[in-house]
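Here is a walk through a structure, taken in two parts. Please keep the sequence and the 3D view open while reading.

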Amino acid sequence: MPTLHEKIRRELEDRIHAGTLAPGAKLPTELELCEQYEVSRATAQRVLNDLADAGLAVRRRRQGTFVADVRQQINLLSYASPDTHVKGVPGRHEVLSARIVRAADAVLELPGAEDDTAVVELVRRKLDLHDQPRTIERHVVLFSAAPELLNEDLAELVSLSYLRDRGVSIDRIRVYLDPVVLDEHDAELLRSEAGTPTLRRRRELRAPDGTAIEIVTALIRPGAAEFFVEFPA
Amino acid sequence: MKVIVVGAGVLGASVARSLSRAGEDVLLLDRKGPGAGTSSTTFAWTNSNRKPDPDYYRLNLEGMAEHEKLARELPGEPAYFRSGGLQFADTDSEPWLVQNVERLRALGYPARWVTRAEAAPIVRGIRIPDDTTAIAHFPAEGYVRPDRLVQNLLADAVRHGAVLSIGEVLSISDGPDRASVTLADATVHTADRVVLAAGRWTDDLAARSGIDVPMITDTGRGSPIIGLLGYVRFPALDIGCVVHTPRLNLRPGAGLPVVVQALDLNPDVDPSRPPAPGSEIATAITRRLTALLPDPAQTPDIDLRVGLRALPADGNTIAGYPAEHARTYCLASHGGITLAPLLGRLVATEIVTGESQELLKPFRPSRFAGMRRSDLPAVPRPVMLGEQ
């Protein structure tokens, strides 16, 4: 059972993440929370302090508490560059599933792979420093190219550097940005709403002979990021 | 039939392959990844060279033949090499080698005496020690590249529809209609049959599931399950077959480092602290290897790893249902590399058809019924040639 202050905090968090409380919006005051939820002043204060500690809210003396602008700023030019995920962004990965399956049964289609080719499939959820979901990452890798991939620490694994370190010959890296609409499953994982549009980054690695070695997608939580390109004026 | 195989080592992968080829719906579960346990740290010599128990001898002999058959039909990079094996004896070990060769010949096991000149092209890149007094050649023996064997078995299993999923199994429970497997993340999978093939963790997992699979699990210094292996990072070292000398055993790497072992040093190995470079044990192994190199001035770099054997309490394979009508099939064995292809086929046949396979009959888990673990005879530590 969550405690009372956790319950209230979660409700506010959900509204912030859903965007109904937009960045900059004013949150209820301590007194308003006391009345609305019939809780003590200390409980109300704890809720707002917790939100501020989590980086979701900014408390301003005598003015009140406001929704922080927590959106990640993503430069599309660097985002489309192959090495983006090598450096990575802060936060941890939660492994949702790790399997070896037929290519035909994998979560993503590995271009050109025969249906019954074995592939490694890894699905992870990237969480930010406040444990909010940021992206869902799906990897499908040719098993013969990385037969021991699952023996790695999958919460830390960066597949591109792993493959390079293993001496897998990679000739070409192509990045796509796909506009997509969240389905129910992904919406739930991202604590968002089904039907919300978002962007999906899709990366393909190919061997010199053209064989696709890996396909990775990163589905971004709607509202979690702003995309931009910038040029010197 | 839905079958869950717990453990994606060489045995689990082989059973999963045979089951999926027979058309069964197979889910293979492993805590870590394919071949991550003992299957990754093994001398990987295919043989039935020193198996005094006649049933166990026959099982290993059939295991060697099954490798020949599997190598012809399994897609993938070559994993099995019928290189033959050579054993060098000095004055001290000669009587022992003579006795073993005579015993094996009486059984029909391919074994012959060779001269130094005959041995040289077989062994290739190492020097035959000067104090060698006898050399035995075992042409039917060979070795395996364990990583490739696991990968090839697994890829073939997946090709036939098997799925490997990473997950830590907490326990298995047999129900009247289904068996269920509970994972650490609280997921529950159900199946018609479960194969428990978790290597050296089988005893513990079986115990948590109310099944007795007695194995030697002591990992303290001096335990017979401790086996130190040296991986020789020295590209110039090219050996043609599995070699046993009085002081060091060597196995070709087939693209990976040559693997060496010195059985007599195992009792001094503390598995929690593998010997560091420069330690007494590391120095001894390096010295023994250097003595075999054509140019003794060279000192190869040896990476030492401690392997922990999967070892049933009486040393022999355990294969079968613990009780009539049980749904959980237990499979644990030492010598998994030699036996995996054969055990995979036999175990899958027993599960699919329900028909008891002759070769497996002496190895049922029921042989331990009513025995206290303290009553089981101690398994001696392997020290002599071929006892590992």
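Predicted model: local features only at pLDDT ≥ 70, side-chain atom pairs only at ≥ 80, totals over all residues.

Residues are numbered from 1 along each chain as its sequence is written, chains are lettered from A and ligands numbered from 1 in the order in which they are written, and side-chain values use heavy atoms, with hydrogens and water left out.

Start with strand S5 of chain B, residues 85-89. Helices (H or I, at least four residues) and strands (E, at least two) are DSSP runs, numbered from the N terminus. Five of the five residues of S5(B) are buried, so the strand is largely enclosed by the rest of the structure. Buried here means under 20% relative accessible area, exposed over 50%, and partly exposed in between, with a 1.4 Å probe and protein chains only. On one side of S5(B) lie Gly85(B), Gln87(B) and Ala89(B), on the other Leu86(B) and Phe88(B), and both faces are covered.

S5(B) also has strand partners; two strands pair if DSSP finds at least two bridges between them. With strand S7 of chain B (residues 134-138), S5(B) pairs in the antiparallel sense over five bridges, and Phe88(B) has Ile135(B) as its bridge partner there. With strand S15 of chain B (residues 242-244) the pairing is parallel, over three bridges, and Gln87(B) stands opposite His244(B).

Now move to the contact between the chains. Contact means heavy atoms within 4.5 Å, and 16 residues from chain B and 12 residues from chain A take part. Chain B and chain A bury about 1,200 Å² between them, 62% of it on carbon and sulfur atoms; buried area is the accessible area (1.4 Å probe) that two parts lose on being put together, summed over both. Gln151(B), Val158(B) and Arg159(B) supply 35% of the area that chain B buries against chain A, more than any other three residues.

Helix H5 (146-159) and strand S9 (163-166) of chain B each supply at least two residues of the side that touches chain A. The largest share, six residues, comes from H5(B). S9(B) pairs in the antiparallel sense with strand S4 of chain A (residues 92-102) over two bridges, where Arg99(A) stands opposite Ser165(B).
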